[in-house]
Each structure stands twice: as C-alpha cells, then as structure tokens.
Amino acid sequence: MDSVEKAIEEIKRGSAEEYRHIVQKYQKSVFKYCYHMLGTVEEAEDAVQEVFIKAFRKIDCYKEGTSFSSWLYKIAYNHCVDYLRKRKFFRFVPFCENTADDCDNPVYSVETDELGQMLQRALSMLPHEDRTVLMLRVLEEKSYEEIADILGKRAATVRKKYERARKKVKQNIDKMKGVIVNEKFAVN
Amino acid sequence: MKNLQLTDEIKLAFESVKLPEIDVSDAVIDSIRSSGVRCSKRKIRLVYTVLAAVLLITATAYTAARIWVIRDSNNNIILRYRGFDEENYEPFDICEDSEFQKQYENLEPGKALVYYNASVQKPNSESLTMYPKPVVYTDLDLVREKSCIDFKVPSALPVGYTFSEGRLSFEPVGAKDHEIFKELLKKLEEEAEKTGKNSVALEWETTSKVTGISLVYRNNDREFRVDISVWLGEDLYTDLSDSSVEVITVDDREILYIEENDGDRKIILREMYGKDTVKRFEKGKYTEEVVNAYLQYSVVSKDLSKEDLILVAQGIIR
C-alpha cells in the first residue's frame, strides 16, 4: 500500500491532519489544471480549495487501488465545468504583464511569454472536455484509459478528442503567429 | 516523429506559463475542521435509476429552507420540490458507500439489495431501504407490456439520438409490510453486531410490479434518459445543496429545471395519475391516507443542453 493509500486510510478514520499531506502533494497540479480551465489565478486558487474540500467530503467514495489523482481530477473537472457554466461565458483575461500596474491583483502575477499567451487563447477556443483531455495528456501524461475514467467516456473517444484538440491548438497558435508576422511587415 | 514534435511544442507552451506558488492546505484544513462532521452532505440518489422502496418512514415534521412548487392548469400544487431538514432526517448517499456499490454491482438484475449501514441508520428507526436492480430490455414494446404503466415517450428526439434500452425496477417483496421490515431490520442489526462489520447486505426477491422505468436514448457516446415512476403525494425531498433549481413554463405547463454540481441537468414534470392509499406506521399504530398519485417524468443528461432537455420535455407534454 503506497503512502497515499495509507494517508487515505487514516483520513477515513477521521484524521484531518493527514489530509494536509494529500493537499500539499496534489495542489500544484490541480492548480495548474484549474488555471488553464478558468483563466485567472484567483479563480483557480478558489477552485483548488473547493476541490479539496469536496474531495474530503467524498473520501469514502474513493476506491482503494484506483488512481487517486484521477479521482481528484474528476472532481476538479466537474467543479470547473460547473463554475464555467454558471459564469455563462468563458472570458479571456489578459495576463498581468510587465509591471505591477497592469495587474488587478498585485499579490499574484503570472509570468509568461508570447507563446504562453497564445496557448491560453488557443485553449480558450476548445470545448471544456477537449481542453481537459489535452492538459491531462500533455501535462500529467495520463493514459487514455485514465482520462476516459475521469470524463466518463470511452478511451477511443478520448484518443480522438486528444488528436483533434492537439491539432486545433497548434493551428490556432500558428494562426496567431501568422498575425504577428504580418503586423511586423505592415505598411504605415 | 511529427506527432511527438507537436506534443513537445504544446508542452513547451504550457511550461512557458509560470504560475505563482500557492498553498491552500491551511485554508482547506481549517474549513474541514470548522464544518465539523465529515461527509455531512448526504443525499438519496437514484443508482442506475433505481427507485428505492422506502417503507414506512416514521413521520417527522419536515421544515425545509427552500421549496419550489409547480402547479397544474387549475392552480393546484402537483409538486413541492424541497430540501431535507437534516435535523429530522439525514439521508444516506448510497453512491458514496463503496461497500454498497460493490454489493450492488454483483447483484443479479431483477433482485433487490437490502442494505444496512450501522453508521447511518438512525437510532430507533423502523425504516429500511431496499434497492432493486433493474432489468434491461432493448424492446420498447416489451418495456410497455411489462410495466403496466401507461407512460408517454418523447415524440421528438434531438438529432442523432435513438432509443437504446429500457430499465425496469420491480417492487421488492413485502415492500409495504411493516412487520416484515421490522423483523428484517432486527436480523440485520444482529448480523452487523455479530460480525463486527459496519454494513450488512442481503439479497431480496422482487414481485412483478414495476416501480420504476428508465428509458435510455443514445447518440454514440452521448446519452439522456427519461425516468418514469408513480409518486404518491406532492412532496419530493432531496439534497438541494449541490443544485440550482428553477420553475419554467413550457406549453403552459410548469416544470422544474435543475442543474447539479456533478454535471447532471434535469427536467421534472408531472401528470395526475389517479389516487392511492398511503399506509404509515407512527407512534405504534397504522394510519391510512388517500393521496394524489402522479406520473413523474425526469429527463436527465450530462450531454444535452438546457434547450434540448426542454425540447424533449415538450415532446412528452404534447
């Protein structure tokens, strides 16, 4: 039994403190996922907190021997989709750029280059599911079967979504790069 | 090679986004500690559209904070959709009990599972819940024949969807017999004590009476279902903490539209289905009451939009 399973056993017996280790282990990757789904650091941070609270409440649902991170991502996915649905639209929020003056919240800043910004824009054009598939495959290197389990889909469907999402993101990024190149050659 | 390059490019793009370090562990632990009871949110759910045969719940006064009401064309209330008052009744979420899930998975279709969980059974409660496992049919005519309920099917379907299967849940034997349940509960409590286990399950027989119908429609890997059952009385209790509810009017009929946190979207509509007698056992004696019976349709899906769900509901109403 690995350390996560052992911790979960303790948590099921009522140890809230053991849960701290779980949060600290997974919060960075869940945060990254929520950020790319929701678009702002503040919303992502709130979402991470909610996801872990929900996971604690549902800890009895977790089946020993299955992937805990997949189970957690399922909760994160449902939470983000629900949040986006309630928000009714997906808005692209410009990143805090070079100076603190550009930021609404001086506490957090996201460092990113042009490629990162284009990625965010390209991701925002994907449906939620496709975005999730891409992130879990590329960032977390999850198998199609694991992702299928998270989304409640078949593995073959996930594979198709991944191929489509990957192509779409690449196309969108290339288009944006094309726009920038054209601007450099714009005539006054 | 090209595929790998593409993935690497995208990975590089992700890595170029440097997020700040956060630590929510304190906030999470504080929140858990301040909320007190673990797994405090529990709800009754339909598993595989099972309609549980809840028998003779000891009457208590329910005071719900939120109630949504729908009325018929004569302005009579036909549904009061309301949350549980957790001081009086703490529902048990069978979906969150892994032991139940395991037992239920192994159950033969057409049988019921009597499931006793010592940690959720209310003290001095004389109620017990049984969970019939549905039998699946792919022939809609056979579903109609076996159900003996004159139900409607949607007259129009979203593009690409077709009927896939019908699931019928049958009434457990002795579902309305308080004495049988009292005896059964006693045996389950004794078994739990003897074995030292928190939960005990027992396989139970069912009759030929259908208590729940679920029609499943599919379009490749997307689906929606129409759950149909006869409900007695106007009150429908559920855990409202994870859902948003609104009353909407479609073709002059009031229906409920619900969005759950787990991604389910649902429409509930009702039609009068005559009257029936409800037998209750409270304070040591039986009482009987004649109540309205309703044929309730719930259109449920994670894949259909609100607009599509409304169209399906319209197809049932018309």
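Here is a chat about how the contacts between two chains get their labels in a predicted model.

Biologist: Why is the pair Lys153(A) and Asp303(B) called a salt bridge?

Modeller: The cut-off is a Lys or Arg side-chain nitrogen within 4 Å of an Asp or Glu carboxyl oxygen. Here the N to O distance is 3.6 Å, so the pair passes that test.

Biologist: And where do those two residues sit?

Modeller: Lys153(A) is in the loop between helices H7 and H8 of chain A, and Asp303(B) is in the loop between strand E15 and helix H6 of chain B, so the pair crosses between chains.

Biologist: What makes Lys153(A) buried or exposed?

Modeller: Buried means under 20% relative accessible area. Lys153(A) comes to 14%, so buried is the word. Asp303(B), at 27%, falls between the 20% and 50% limits and therefore counts as partly exposed.

Biologist: Which residues are in the salt-bridge network with Lys153(A)?

Modeller: Glu129(A), Asp130(A), Lys161(A), Arg164(A) and Asp303(B) are linked with Lys153(A). Glu129(A) and Asp130(A) are also among the buried residues of helix H6 of chain A.

Biologist: What makes you say H6(A) is mostly covered?

Modeller: Nine of its 11 residues are buried, each being under the 20% limit.

Biologist: How do you know that Lys170(A) and Glu9(B) join two chains?

Modeller: Lys170(A) lies in helix H8 of chain A and Glu9(B) in helix H1 of chain B, so the link runs between chains. Their N to O distance is 2.9 Å, which is within the 4 Å cut-off. At 23% for Lys170(A) and 30% for Glu9(B), both residues are called partly exposed.

Biologist: How many salt bridges are there between chain B and chain A?

Modeller: Five. On chain B's side, H1(B) gives the most residues, with nine. By class, that side has 16 nonpolar, nine polar and 17 charged residues.

Biologist: What is the area buried between the two chains?

Modeller: About 4,500 Å², with carbon and sulfur atoms giving 60%. In contact there are 42 residues of chain B and 55 of chain A.

Biologist: Why say that Glu171(B) and Lys209(B) tie together separate parts of chain B?

Modeller: Glu171(B) is in strand E7 and Lys209(B) in strand E9, so the pair ties parts 38 residues apart in sequence. The closest N and O atoms are 3.7 Å apart, within the 4 Å limit. Glu171(B) is buried at 14%, whereas Lys209(B), at 43%, is partly exposed.

How values were computed
Residues are numbered from 1 along each chain as its sequence is written. Chains are lettered from A and ligands numbered from 1 in the order in which they are written. This is a predicted model: local features need pLDDT of at least 70, side-chain atom pairs count only at pLDDT 80 or more; totals for chains, interfaces and linings use all residues. Side-chain values use heavy atoms; hydrogens and water are left out. Contact means heavy atoms within 4.5 Å. Buried area is the accessible area (1.4 Å probe) that two parts lose on being put together, summed over both. Helices (H or I, at least four residues) and strands (E, at least two) are DSSP runs, numbered from the N terminus. Ala, Val, Leu, Ile, Met, Phe, Trp, Tyr, Cys and Pro count as nonpolar, Asp, Glu, Lys and Arg as charged, and the others, Gly among them, as polar. Buried means under 20% relative accessible area, exposed over 50%, partly exposed in between (1.4 Å probe, protein chains only).
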